[in-house]
Amino acid sequence: MRKQITILGSTGSIGTQSLDVVRAQGYSVFGLAAHSNTELLMQQIAQFHPKFVAVVDDAAADRLVRELQGMSHAPILLRGKEGLVNLAAMEESDIVLNAVVGIAGLPATLAAIENGNDVALANKESLVTGGHLVTKAVEEYGVKLLPVDSEHSAIFQCLQDPYSAKSLKKILLTASGGPFFGKTRQELEHVTKQDALRHPNWSMGSKITIDSATLMNKGLELIEAVWLFGLPAKDIEIVVQRQSIIHSMVQFSDNSILAQLGVPDMRIPIQYALTWPERCPGPAPELDFSLLQSITFDKADEETFRCLAACKRAIETGGLAPCAANGANEEAVRLFLEDKIPFLKIGELVEGVLESDSFGGDYSVENVYECDAAARAYVLEHA
């Protein structure tokens, strides 16, 4: 039988590229979920014929009801955040790919795992805010958690030899440096959102593109790597690789290093998560070394890009500190995209929440959401 895939966040950048992979591999789509883009979702429904769709936004769900009227073999519609979680929990899927943006993806990740579904994880906030909860659930329910981020996929690919994996010494997590690499804080004082959204290598959604510009994305990936691969933050080094050709590296006890290379195309890590442990031909182009003039390496500037230093501090503090940093960042990025705060204010607010008393409590789902709300309130108060 064809593998059945559920894609949460199907109308976003990762979701649409995931459907490229599904099409190339001839997989069946069991379910699709979107927040509000019903126009694109309808196109996906017409092409992939899912059994279920979930729409989080209530007004968008009403639109979809009208658009589905008269369609033969129309999918069953699930509504709201509860509908998203219910779709993730359905056991008919062979794998659930979670490409939801932000902390909203955490309940769906947990629901999928707790109902025995393997998860291809593109929602890094699931591990940043709820790493202990997610990894504990993976162990308890015996499912696979397969990374989709290009960097974590690279690390995962380099660790497929179980004998070498036992001697892992260091992770070298690569970063493009974003659109502002080499800039000083003074030069960044008046950059606009249009400037920040011009990523040199990757085509991504607006939120993750801003996170790349502040290096918050790399800080979140460091936290994610701690949970995925079991190394402390001190053994994860951030290396700027401007061409985005080396997607990450691992160093073993004998100081040998393995790297995973490829074109900057998210369909490569998406496909590996969906086909693992097999490798298959896919839609991404091959790397042409005759056109590759150089591969360079630099250090990440934590003094200028303070989000990265804040994330390191958060994971070293432990508990709900990463959740607080993530919540503050999500709210600050929203304000920046609405032209309500300047670019550098994002990092200042993330730093500020970690220095405040705006988070605490035990590591439970309820406290994760309370912490997230408190961090967002801190940002709104201090913006």
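Let's start with Glu348, which is partly exposed, with a relative accessible area of 34%. Keep in mind that this is a predicted model. The side chain of Glu348 meets that of Arg185 in a salt bridge, at 3.5 Å from N to O. Arg185 sits in the loop between β8 (168–175) and α9, while Glu348 belongs to helix α15, so this pair ties together parts that are 163 residues apart in sequence.

Glu355 has a salt bridge too, this time with Arg313, and their closest N and O atoms are 3.6 Å apart. Here again distant parts of the chain are linked: Glu355 is in helix α15 and Arg313 in helix α13, 42 residues apart. How open are the two partners? Glu355 is exposed, with a relative accessible area of 58%, whereas Arg313 comes out as partly exposed at 39%.

## More charged pairs

Side chains of opposite charge can pair when their charged atoms come close. How many salt bridges does the count come to? The answer is 25. One of them joins the side chains of Asp235 and Lys234, with 3.4 Å from N to O. Lys234 counts as exposed, at 66% relative accessibility.

## Helix α14 against α16

Now for how helices pack. Helix α14 and helix α16 (residues 365–382) meet at an angle of about 45°, and their axes are 8 Å apart. That angle makes α14 oblique to α16. The crossing of α14 past α16 is right-handed.

Which residues do the touching? On the α14 side they include Cys323, Ala324, Gly327 and Ala328, and on the α16 side Val368, Cys371, Asp372 and Ala375 are among them. Sorted by class, this contact has ten nonpolar, one polar and five charged residues.

## Helix α10 against α14

Helix α14 (residues 321–337) also packs with helix α10 (residues 206–214), at an angle of about 100° and with the axes 10 Å apart. That makes α10 roughly perpendicular to α14. From α10, Ser206, Lys207, Ile210 and Asp211 meet Asn329, Glu330, Val333, Phe336 and Leu337 of α14. By class, the contact is made of four nonpolar, two polar and three charged residues.

Is α10 mostly covered or mostly open? Mostly covered, with seven of its nine residues buried. The buried ones are Lys207, Thr209, Ile210, Asp211, Ser212, Ala213 and Thr214. Besides α14, their cover includes α6 (125–141), α9 (193–196), α11 (216–229), α13 (306–317) and α15 (343–355).

## Helix α4 and its cover

Over in helix α4 (residues 80–89), the buried residues are Gly80, Gly83, Leu84, Leu87, Ala88 and Ala89. What covers them? Strands β1 (4–8), β2 (28–34), β3 (52–55), β4 (76–79) and β5 (95–98) are included, and so is helix α5 (106–114).

## A look at Tyr141

Last stop: Tyr141, which is found in helix α6. Tyr141 is partly exposed, with a relative accessible area of 38%. Setting aside neighbours within four places in sequence, Tyr141 is in contact with Ile113 and Glu114. As for Asn115, it is 26 residues from Tyr141 in sequence and 7.9 Å away in space, C-alpha to C-alpha.

Key:
Residues numbered from 1 in each chain as written. Predicted model: local features only at pLDDT ≥ 70, side-chain atom pairs only at ≥ 80, totals over all residues. Heavy atoms only, no water. Buried < 20%, exposed > 50% of the residue type's maximum accessible area, 1.4 Å probe, protein only. Helix = DSSP H or I, 4+ residues; strand = E, 2+ residues; numbered from the N terminus. Contact = heavy atoms within 4.5 Å. Axes fitted to C-alpha atoms, helices over the stretch in contact; angles between N-to-C directions. Parallel < 35°, antiparallel > 145°, perpendicular 65-115°, else oblique. Nonpolar A, V, L, I, M, F, W, Y, C, P; charged D, E, K, R; others polar. Left-handed = near helix turned anticlockwise from the far one by under 90°. Salt bridge = Lys/Arg side-chain N within 4 Å of Asp/Glu carboxyl O.
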